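Thanks for passing this one along. Here are my notes, in numbered points, to read with the model open beside you.

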Amino acid sequence: MKPTDPGRTWAAAPAPWAVWAAYAVPLCVLPSAIWRLSLVFTDDTVTTWYMIFLSVLSMGLALSTLGLVHRWGQQVPHWVPLFGRRSIPARPVVLVAVVGGSLLVAICLYLLLNRTFHVVDRGWVGIGHDEPAHTPPGWDVLRYYLPLVAWGPLVIAVAADYGRRARLRSPRSATGDQEVRVRNGS
């Protein structure tokens with residue numbers, strides 16, 4: 001989004017690093033999503049619908065990070081019935097993004113600490129009671145999941161920039177400055 005975009009309602013454009021970080025999120029998720037989808041065609045023991053659902057869900061959530069740096073993350077698109085062209089409140093967006101990013105960081109820390117210290121010996125075996133127990137994945141599988149470590153911190157950083165820009169455009173901050181000037185007699 002450029003400062004000269006017509007119809008822009010925010011006071012500041014996203015920082016260049018935030019745009020790069022937002023586009024890096026789907027690239028971090030892509031290797032694991034492609035690997036899971038490849039299992040659908042190559043491994044007969046895989047629960048097909050689960051792998052497809054998990055890949056689509058993770059890519060959808062990763063792509064939603066782009067809304068934090070584009071106009072469609074600030075205002076509902078005009079073609080949406082009943083809600084078109086309405087502003088999206090920034091506080092819930094930032095809250096959801098920070099909580100989601102924090103959960104991703106917590107999951108990565110848990111997996112890293114569990115792999116190092118073996119807190120839990122037997123992991124989740126899958127969907128249903130009859131799902132076969134799988135051996136822990138080796139580095140041949142983990143290499144596809146390694147980029148996911150950056151997902152949480154990147155989302156938190158982009159959400160922080162989104163929150164900063166939302167505060168800059170907030171009409172309350174301008175009103176509050178005027179009230180302070182009036183009280184101080186300036």
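1. Let's begin at Ala 166, which sits in helix H5. Helices here (H or I, at least four residues) and strands (E, at least two) are DSSP runs numbered from the N terminus. Ala 166 is buried, at a relative accessible area of 12%; buried means under 20% relative accessible area, exposed over 50% and partly exposed in between, with a 1.4 Å probe and protein chains only. Across the fold, Ala 166 and Ala 90 are separated by 76 residues in sequence, yet their C-alpha atoms are 6.2 Å apart in space.

2. A word on the source before going further: this is a predicted model, in which local features need pLDDT of at least 70 and side-chain atom pairs count only at pLDDT 80 or more, while totals for chains, interfaces and linings use all residues. Residues are numbered from 1 along each chain as its sequence is written, and side-chain values use heavy atoms, with hydrogens and water left out.

3. The overall picture is helical: the chain has six helices and zero strands, and along the sequence the pattern reads α-α-α-α-α-α. Of the 186 residues in the chain, 29% are buried. Taking contacts (heavy atoms within 4.5 Å) between residues at least 6 apart in sequence, 71% join residues at least 24 apart. The accessible surface of the chain is about 12600 Å², and carbon and sulfur atoms account for 69% of that surface; these areas come from the Shrake-Rupley method with a 1.4 Å probe, and for residues only the protein chains shown count as cover.

4. How are helix H1 and helix H2 arranged when they pack? Helix H1 (residues 16–42) and helix H2 (residues 48–64) have axes 9 Å apart, at an angle of about 170 degrees. The axes are lines fitted to C-alpha atoms, for helices over the stretch in contact, and angles run from 0 to 180 degrees between N-to-C directions. H1 and H2 are therefore roughly antiparallel; angles under 35 degrees count as roughly parallel, over 145 as roughly antiparallel, 65 to 115 as roughly perpendicular and the rest as oblique.

5. Now the residues in that contact. H1 contributes residues including Val 25, Val 29, Leu 30, Ala 33 and Arg 36, and H2 contributes residues including Met 51, Ile 52, Ser 55, Met 59 and Leu 63. By class, the contact of H1 with H2 holds 14 nonpolar residues, three polar and one charged. Ala, Val, Leu, Ile, Met, Phe, Trp, Tyr, Cys and Pro count as nonpolar, Asp, Glu, Lys and Arg as charged, and the others, Gly among them, as polar.

6. H3 deserves a look end to end. Its 28 residues reach 40 Å from the first C-alpha to the last, close to the 40 Å expected at 1.5 Å a residue; the expected span is 1.5 Å times one less than the number of residues. Buried in H3 are Ala 90, Val 94, Ala 97, Gly 101 and Asn 114, and helix H5 (151–169) is included in what covers the buried residues of H3.

7. Asn 114 belongs to helix H3 (residues 90–117) and is buried, with a relative accessible area of 14%. Setting aside neighbours within four places in sequence, Asn 114 is in contact with Val 119 and Val 120. H3 is followed by His 118, whose phi is positive, near 55 degrees.

8. Which residues in the loop between H2 and H3 are worth checking? Leu 82 lies in that loop with a phi near 70 degrees, a positive value in a residue other than glycine, and is exposed at 75% relative accessible area. Arg 85 is in the loop between H2 and H3 too; its phi is also positive, near 70 degrees, and at 58% relative accessibility Arg 85 counts as exposed.

9. Last, His 78 lies in the loop between H2 and H3 and is exposed, with a relative accessible area of 55%. Not counting residues up to four places away in sequence, His 78 touches Gly 84 and Arg 85.
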